[in-house]
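Dear colleague,

My notes on what was found in it follow below.

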Amino acid sequence: MTGGLFLGDDAVLPTSGHFPDSQDQRNTVRGRLRYQATSRFWVAGGIQYDTGLPFDFEGTYDQALAEYGQQVVNRINFPLGRIDPSFQVNASAGADIYTSDRLKTKFPIDGQNLTNVLDIIDFGGLFSGNAIGPSRSFAMRLTTNF
């Protein structure tokens with residue numbers, strides 16, 4: 001769906017009150033450090049902290065529990081109307097396997113969300129529904145440039 005505010009003939013626009021901005025992220029901290037251990041080997045680590053977005057769920061706690069499950073509901077603060085904060089740790093390491101004037105081969109290893117927190121990005125959003133970040137994951141690549 002793209003753009004606009006679609007109102008019917010019987011729509012009433014409130015002149016007072018408050019509704020949460022769906023992207024009202026209070027605090028976000030992200031950081032990453034990389035250390036070049038040798039000319040061919042590096043390590044890196046990063047953190048990410050998000051305080052959680054607001055949500056407006058029309059149902060009850062028990063309805064949310066039945067629909068989304070205990071694991072998701074545990075990360076929601078219904079009295080405050082906000083998703084609980086999340087803290088994630090990421091790490092990477094890599095090596096230059098072979099380097100010449102014509103060819104470069106690298107082998108990086110990445111670990112994302114090492115704390116394995118259930119990262120609820122959005123809860124009951126109007127257009128997106130629930131958005132849940134990926135769980136702990138690892139990736140290895142072998143890349144060659146020539």
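The accessible surface of the protein amounts to about 10,500 Å², and carbon and sulfur atoms account for 56% of it. Please keep in mind throughout that this is a predicted model, and that the values below are computed from it. Of the 146 residues in the protein, 25% are buried.

As for the overall layout, the protein has 2 helices and 10 strands, and from the N terminus on these elements follow the order β-β-α-α-β-β-β-β-β-β-β-β.

A search of the whole structure for salt bridges finds 2. In one of them, the side chains of Arg-30 and Asp-50 meet at 3.7 Å, N to O; because Arg-30 belongs to strand β1 and Asp-50 to strand β2 (residues 41–50), this pair ties together parts that are 20 residues apart in sequence. Arg-30 is exposed, with a relative accessible area of 58%, whereas Asp-50 is buried, with a relative accessible area of 11%.

Another salt bridge is formed by Asp-110 and Arg-141, whose closest N and O atoms are 2.9 Å apart. This pair links distant parts of the chain, since Asp-110 is in strand β6 while Arg-141 sits in the loop between β9 (137–140) and β10 (143–145), 31 residues apart. Asp-110 is buried, at a relative accessible area of 14%, and Arg-141 counts as partly exposed, at 39% relative accessibility.

Arg-34, found in strand β1, counts as exposed because its relative accessibility of 54% is over the 50% cut-off. Arg-32 also lies in strand β1, but with a relative accessible area of 48% it is partly exposed.

What does Arg-32 touch, if residues up to four places away in sequence are not counted? Its contacts are then Ala-44, Gly-45, Gly-46 and Ser-92. For Ala-44, which is 12 residues from Arg-32 along the chain, the separation between the two C-alpha atoms is 7.0 Å.

Definitions and conventions. Residues numbered from 1 in each chain as written. Predicted model: local features only at pLDDT ≥ 70, side-chain atom pairs only at ≥ 80, totals over all residues. Heavy atoms only, no water. Helix = DSSP H or I, 4+ residues; strand = E, 2+ residues; numbered from the N terminus. Buried < 20%, exposed > 50% of the residue type's maximum accessible area, 1.4 Å probe, protein only. Contact = heavy atoms within 4.5 Å. Areas by Shrake-Rupley, 256 points an atom, 1.4 Å probe, with all protein chains shown as cover. Salt bridge = Lys/Arg side-chain N within 4 Å of Asp/Glu carboxyl O.
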